[in-house]
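Let's walk through this structure together, from the whole chain down to a few single residues.

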Amino acid sequence: MKEQDVTTMNEHTAMNEHTAMNEHTAMNEHEAITSEQQEVTNGLYAQVTADYEETHSVRKTAQNCHTSMVTAQRILITAGLWSSKSSKQVKELLNRGMSVDEIAEELNITKDAVYAYMPYSRGNYGVKQTEDSQYSRDYRERMETAAEGMHKEDGDSISVSMDSLVSKQAASSALSNLRFEAAVTEELTDRARVNAAVGDTYHEYGAVYALHLSLVGGFVYGADEDMDMRPEDRAELLKLAKAQSAISRDILVPGTMNLHALHYAIQKLFGWQNSHLHNFSIPQEDFDALTAGTLGGYTDLCGVLFRFPDDDMSDLYWDDDYKKGVSVKSWFKKKYSAPFRQYSVGDSYLGNLWEMEGFRGRFPDFKDDTTLGEILKKVAVEQDWNFLVERLTIRELFAAGRDSARAWKGDVVDKLELLKEEMKDEELYDSVDDMRKAATELRSWRQSYSQLDHLSWVHPNTYKKKVEKAYKKPYDAVIKMHEEQVHAWAMECLDLFQDLNINLSPFFDTLYYLYDYGDNWCVKITLEEIYHKTEDGAFTGSDMCQVPEDLKSVLAEVDAKGRPACVAADGLNVVDDCGGLYGFLDMLRTINGGDKEEADGLKEWARGLGWTGRKSKPGNML
């Protein structure tokens with residue numbers, strides 16, 4: 001049988017000016033570093049096994065080798081140097097010839113949990129990694145701890161040539177200076193506009209929303225509430241995690257809060273440190289109902305509800321600007337507090353429209369009735385189709401009751417027609433054309449800035465000198481130039497981010513938040529209540545009765561400050577890079593086990609990632 005060609009979208013997407021120049025301009029510095037990183041990746045197996053023979057501790061080995069405990073654990077299982085009760089069960093069933101699906105069913109666990117205790121097969125570790133694990137690994141290599149910075153890397157995106165940026169610097173610097181001076185004033189105006197919008201429209205769909213956030217099992221849509229674990233494992237996890245029924249949080253959020261801000265709140269609520277990829281998704285049954293699983297159905301909602309699955313991490317994580325020395329707690333609080341903004345080109349309606357037009361132009365054989373499954377057989381997409389744009393607000397998404405999927409989608413189509421009619425205006429059309437050019441520039445400068453920032457962390461002693469030699473100016477001046485360019489071009493795209501989108505009517509009662517595609521964390525988000533604010537400042541629930549005074553004071557504070565509040569919490573915080581729910585269970589078993597040295601070492605490692613092992617008061621969690 002003829003082998004099927006698999007093509008990434010990135011290869012078929014029109015590249016911007018910087019990237020095109022990179023195709024023809026050799027970048028020895030980046031090539032050398034890429035080669036060096038590949039050597040490290042291929043040598044990790046030997047590094048982990050050698051270190052473990054010295055430390056006899058998975059935790060210490062993972063720390064010494066700058067990798068996750070799960071990766072170190074799987075390498076040691078492969079080498080026959082480490083085992084556990086779970087890994088022995090998996091190994092025994094594998095030796096019987098059972099498949100991963102069969103083992104998961106036999107042990108009543110998820111497939112991801114099975115993989116966590118499986119040895120790597122030949123070619124499965126090193127160069128040939130799955131796309132998701134490669135992304136996660138790129139992030140782990142980039143991150144030492146949150147205190148050293150949360151610098152998202154561009155994954156596999158094409159790097160930007162130093163030569164191309166240096167040659168462009170003179171042409172753009174004057175424009176940058178003019179725009180940057182105006183941008184400061186314009187940003188203040190933008191903040192005022194956002195705050196004014198909050199005051200004018202805050203109560204249209206409800207002032208404050210009560211959401212229940214609960215960790216559920218597996219990196220899947222619609223995972224059940226028992227965390228997809230064996231009953232005895234679930235019971236043990238709840239006991240060790242000091243939880244009554246689930247590791248969960250109950251929060252009150254302003255209706256104008258967007259998913260971009262909610263992401264940071266969830267990170268803080270569960271004890272993560274923003275170290276890995278994430279996305280929001282709708283339940284699979286809703287996705288199927290709204291898209292019919294076809295390209296045409298998906299295209300209708302691309303940029304409206306879903307983000308086109310590209311691989312531009314620098315645009316997706318445009319707001320990850322943590323700097324060393326800043327309080328992580330303060331940094332998170334700023335991110336999940338009003339005003340709520342989202343300056344990602346890939347989150348805008350037009351940004352997605354342009355991507356979809358390019359995709360369909362490259363693949364004319366894909367018709368409206370082509371299923372998304374058929375496309376995946378021929379094209380390797382960079383993200384999941386079920387990937388929500390994060391500009392969407394809580395009040396645009398969550399509804400206490402809802403119309404049919406057909407009626408909701410009909411409303412979307414009508415609103416899009418109105419937007420398209422507006423864009424036929426000659427003056428606005430010219431403005432949209434200018435914004436498209438500005439969006440291309442913004443993406444390009446973000447990619448370059450992200451790359452410079454990342455590589456300066458990976459190779460601080462060598463790469464900065466290479467940058468200074470290439471640009472003929474101090475490294476800090478190069479970074480400042482990039483920051484000014486990014487800011488200026490973002491201001492050029494304000495209408496793209498804020499005005500040229502449609503407002504959705506609320507439809508959903510459940511969303512999923514997916515985090516770390518290696519550890520496979522999944523948070524189920526369900527709507528509990530919508531509190532409406534009356535003209536006299538009181539709040540009423542769905543029963544139209546005024547709420548008690550103690551609740552009213554919390555709701556008023558959330559409304560006034562534009563910041564969420566946690567009102568209930570069940571269970572301990574979890575921790576990054578521990579291996580998901582099953583890995584967290586093993587961690588708690590070790591900490592509460594009889595090996596004091598191993599327990600103390602593991603607690604020390606976890607403390608380095610902000611984990612205390614103590615329950616926090618809900619009011620102190622945000």
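The chain holds 26 helices and nine strands; helices (H or I, at least four residues) and strands (E, at least two) are DSSP runs, numbered from the N terminus. Please keep in mind that this is a predicted model, in which local features need pLDDT of at least 70, side-chain atom pairs count only at pLDDT 80 or more, and totals for chains, interfaces and linings use all residues. Residues are numbered from 1 along each chain as its sequence is written, and side-chain values use heavy atoms, with hydrogens and water left out.

Of the 622 residues in the chain, 55% are buried, meaning under 20% relative accessible area with a 1.4 Å probe and protein chains only.

Now go to helix 6, residues 100-107, where V100, I103, A104 and L107 are buried. They share one side of helix 6 because they cover an arc of only 100 degrees around the axis, the arc being that of the directions from the helix axis to the C-beta atoms. After helix 6 comes N108, with a positive phi near 60 degrees.

Two loops also hold residues with positive phi. N274, not a glycine, has a phi of about 60 degrees and lies in the loop between helix 11 (259-270) and strand 4 (278-281). N274 is buried, at 0% relative accessible area. D516, in the loop between strand 6 (510-515) and strand 7 (521-533), has a positive phi near 60 degrees. D516 is buried too, with 0% relative accessibility.

Finally, look at the loop between helix 15 (328-335) and helix 16 (349-362), where P339 sits. A cis peptide bond joins A338 and P339, with omega about 0 degrees.

Conventions: Buried means under 20% relative accessible area, exposed over 50%, partly exposed in between (1.4 Å probe, protein chains only).
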